[in-house]
Amino acid sequence: MKKSFALALLLLFSVFAAGCDCFADDEEGGDDTLYIYSWGDYLDEDVIAQFEEETGITVVLDEFDTNESMYPRVKEGATSYDLICPSDYMIQKMEQNGLLQPLDWSKLPNTVAYLGKDYLQQAETYDPGNKYSVPYCWGTVGIMYNTTMVDEPVDSWAILFDPKYKDSILMQDSARDAIMIPLCMMGVSMNTKDEAALTKARDMLIAQKPLVQAYGVDDIRDKLAGGEAALGVIFSGEAINLMEANPDLAFCPAPKEGTNLWMDGWVIPKNAQHVENAHMFIDFLSRPEIAAKNFEALGYSTPNTGVQALVEEDMDEDELAIAFPPPEVYLGQETYQYLGEAMDKLYTKLWLQVKVE
């Protein structure tokens, strides 16, 4: 009889819970919560604290290290995030797979006022109509070099294939970023689906491999800062901090053959529970003084047009040229596109062939 009574109570509770959403907010942290999923070290801690103090909203931050590790977690829906910061091609992939909801731009007055039109136009290459994303950080893939080891102009990807720099070249351990380089040298789009061109790019990287000291990610920064290599492929946002760490370093943000212009942006997933809070946070980040705080903490270029005037007094000419380059440096550069699952697998397969050759 006790078992039957307990079962009856359980059924009654289940019916009550199903017909009432009063438990949902407890599970998701309440209406005064915001769940964010972003790159590591991509938000200044003081900025988060200020948002919490101003709004009374508690920010719960999870971090990822690659777009590819982030995607399955969001797709599986194990955690209901309110705001995510993927890269360009991943935003496109998430939208195509129904994982995003449209933004309400009427709730983003600061964003509308201070987001540069050039960047919105660039973002349309992966988010037509700027329907799902707000650009947050951007940059190029370029060449950092040590001026005590390199005594010639650095303006071309070809220098990474020069035998005189054998064992002193650092390459990104990334299929798209590595294969992009020979594709640009061949005058082929970095978003190509041409298998013959991709195979040739792979062969060029295999031929280059004896010259390469290491393929890496974060360790490239450490090696360049420590003077352990002459040349390294890095993202422009890393250049300023590296040049401060080692005055012998200089940076070429856009080799003459072309390069990738990457953009990371804020998106609201389809299953977000705190959509209003997500819009509030995006617009908070778009206030020039807040965007300036983030820029000074991160070093990555910002599409916010109000930032340069707030920070330029503390920057030298080289740093300004990297952080706020003239439009001719970045306009016309390609942004990665999502090419579909089959092409993702092909790029990955070709890159693995380079590494195991």
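Leaving aside its neighbours within four places in sequence, which residues is M94 in contact with? In this predicted model, the list reads M70, Y71, V74, I84, P86, L99 and L100. M94 itself sits in helix α5, which covers residues 88-96. M94 has a relative accessible area of 0%, so it counts as buried. K270 lies 176 residues away from M94 along the chain, yet their C-alpha atoms are separated by 9.9 Å.

Now turn to the charged side chains. The structure contains 11 salt bridges. One of them joins D62 and R73, with an N to O distance of 3.5 Å. This pair ties together distant parts of the chain, 11 residues apart: D62 belongs to strand β2 (residues 58-64), and R73 to helix α4 (residues 67-76). D62 is partly exposed, at 25% relative accessible area. R73 is partly exposed too, at 33%.

A salt bridge also connects R221 and E238, at 2.6 Å from N to O.

Salt bridges link E54, R287 and E289. Within it, the side chains of R287 and E289 meet at 3.1 Å, N to O. E289 is partly exposed, with 39% relative accessibility.

Notes
Residues numbered from 1 in each chain as written. Predicted model: local features only at pLDDT ≥ 70, side-chain atom pairs only at ≥ 80, totals over all residues. Heavy atoms only, no water. Helix = DSSP H or I, 4+ residues; strand = E, 2+ residues; numbered from the N terminus. Buried < 20%, exposed > 50% of the residue type's maximum accessible area, 1.4 Å probe, protein only. Contact = heavy atoms within 4.5 Å. Salt bridge = Lys/Arg side-chain N within 4 Å of Asp/Glu carboxyl O.
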